[in-house]
Amino acid sequence: MTEEEARRVVLVQAVETAGDSPLWTAEDRAWATRLAQQTAGADATPERFVVERSRHALERLLPRDAAARRWLERGTRRGALAFGVLLAAFVLGSAVDHLGSMQRIDLLAPPVWAVVAWNLVIYLGLLVPRPLAGLRALLARRWVADTAGVGALWARLALPLSLARATALLHAAAAALAAGVIAGMYLRGLVLDYRAGWQSTFLEPGVVQPLLQALLAPASFVTGIAVPDAAPLRLQAGAAASAPAADWIHLYAATLALAVVVPRLLLAAVAMLRAGALARRFPLPFGDPYFECLRLHQLGARAQAQVLPYAAGLGAQAALGLRALLAAVFGDEVRLRVGPLTAFGDEDAARALRPEPGDTLRIAVFDLGATPEAEAQGRFAAALGRDLPLVLLADESAFRRRFGAYPERLAQRRAAWQALAEAQGLPLVCADLDAGEPAAAEAAFKRALGR
């Protein structure tokens with residue numbers, strides 16, 4: 001699946017996991033599924049089916065949703081942004097117009113050494129990747145946290161690709177900055193007569209010459225230009241430099257090319273190769289419940305939920321309500337397999353409750369009226385493991401019969417169960433199963449599957 005196809009799939013996923021809306025209804029979902037079954041073919045892979053379904057879904061969704069259209073269009077502007085960054089870096093480098101005062105190159109302090117030193121620090125950071133990886137992770141979490149809706153979902157899924165592209169752009173911008181410095185030196189050298197010299201309070205010619213010889217040795221080897229003698233170029237106070245600077249400019253330009261331009265372009269190429277591979281084969285999490293649900297629709301198979309009640313049995317009316325809820329989510333052919341009741345205090349026995357062949361989802365059913373405790377309901381949920389997607393369902397039926405006139409108590413109890421679910425890292429659905437009206441809980445269940 002390509003990046004563009006993945007963007008379309010993620011857009012549809014974000015809309016569908018948010019629940020029904022006037023822009024996208026249950027009828028629209030069923031329509032897109034039917035068309036995808038027809039156009040993808042019986043032998044299509046799950047990936048191809050999902051891509052086809054998103055293509056059909058967007059035929060209806062995009063004309064209705066201007067925000068969705070704008071989000072898709074953002075992916076086409078990367079080239080212009082990258083070009084602007086590179087151009088700005090080149091211009092900034094070429095704008096470093098003071099190689100020295102009065103058209104003089106100060107051999108000990110030209111901007112070249114600052115650019116080289118900064119890049120050497122970056123190379124050192126690349127050789128010690130753990131701190132840099134920690135910084136990338138911190139920035140990534142901040143980036144995902146600052147986005148919302150489909151943007152947040154895409155930011156999380158596209159994080160490796162985005163980091164690879166950002167890395168390539170930063171390396172290329174560093175190369176463009178150094179290339180701008182080189183171009184600036186030569187362009188100004190065409191119209192200005194630069195002279196070379198140096199001054200120092202502490203350094204003597206016996207130190208300066210070996211220092212310049214060592215720093216400029218790679219450039220001297222590549223260009224064939226010997227490092228000139230620096231001793232005669234020492235300037236006394238108030239004296240003007242008189243030695244031609246052409247050889248020094250060639251050596252400094254070659255140093256920038258060797259230390260910055262070439263390595264940075266190589267690093268940018270490596271990052272772009274990685275980004276290209278990710279863009280051609282974008283890794284979507286097909287093991288997530290949302291895609292598992294689509295896979296069942298593709299195959300025409302029936303979803304099968306293992307229902308595991310805790311502390312209170314599942315009555316006939318509640319079982320019918322739960323089946324109606326799941327039918328609204330998975331279709332009328334969904335099957336329920338109710339497991340044995342786990343008694344309060346016997347939570348560890350739930351480790352023996354294993355999924356059976358055909359199970360696609362596990363649902364732990366609790367009584368909302370019970371006080372949620374980490375050592376009771378939380379321990380039971382932990383004992384079930386994570387062999388299949390697990391959803392916690394709190395049945396509100398009995399609680400509503402007793403406290404239906406006190407909505408604030410219902411809200412407080414829901415909040416307590418939500419806190420327990422979040423501590424377990426699991427989705428929670430609160431539903432009145434006896435009411436037999438699954439529409440109110442359908443959106444919450446779909447959001448749970450989306451997680």
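I take a salt bridge to be a side-chain nitrogen of Lys or Arg within 4 Å of a carboxyl oxygen of Asp or Glu. The model is predicted, so I note that local features need pLDDT of at least 70, that side-chain atom pairs count only at pLDDT 80 or more, and that totals for chains, interfaces and linings use all residues. Residues are numbered from 1 along each chain as its sequence is written, and side-chain values use heavy atoms, with hydrogens and water left out.

**Salt bridges**

I searched the whole structure and found 20 salt bridges.

I looked up Arg53 and Glu16, whose side chains meet at 2.7 Å, N to O. Arg53 lies in helix α3 and Glu16 in helix α1, so this pair ties together parts 37 residues apart in sequence. Helices here are DSSP runs (H or I, at least four residues) and strands likewise (E, at least two), numbered from the N terminus. Both Arg53 and Glu16 are buried (under 20% relative accessible area; exposed is over 50%, partly exposed in between; 1.4 Å probe, protein chains only).

I then checked Arg64 and Asp28, which form a salt bridge at 2.8 Å, N to O. Arg64 is partly exposed at 35% relative accessible area, whereas Asp28 is buried at 5%.

Next came Arg414 and Glu396, paired at 2.6 Å, N to O. Arg414 is in helix α17 (residues 407-424) and Glu396 in the loop between β7 (390-395) and α16 (397-403), so the bridge joins parts 18 residues apart in sequence. Glu396 is buried at 1% relative accessibility; Arg414 is partly exposed at 32%. A network of salt bridges links Glu396, Arg400, Arg414 and Asp432.

I counted two cavities of 30 Å³ or more. A cavity is a set of points on a 1 Å grid over the protein atoms alone where a 1.4 Å probe fits but cannot get out, and lining residues have an atom within 4 Å of a point.

**Surface**

I noted Phe83 in helix α5 (residues 78-94). Phe83 is exposed, with a relative accessible area of 56%.

Notes. 1 Å grid on protein atoms, 1.4 Å probe; cavity = no way out; pocket = protein on both sides within 12 Å on 5 of 7 lines; lining within 4 Å. Points joined across faces, edges and corners; volume = space filled by probe spheres on them.
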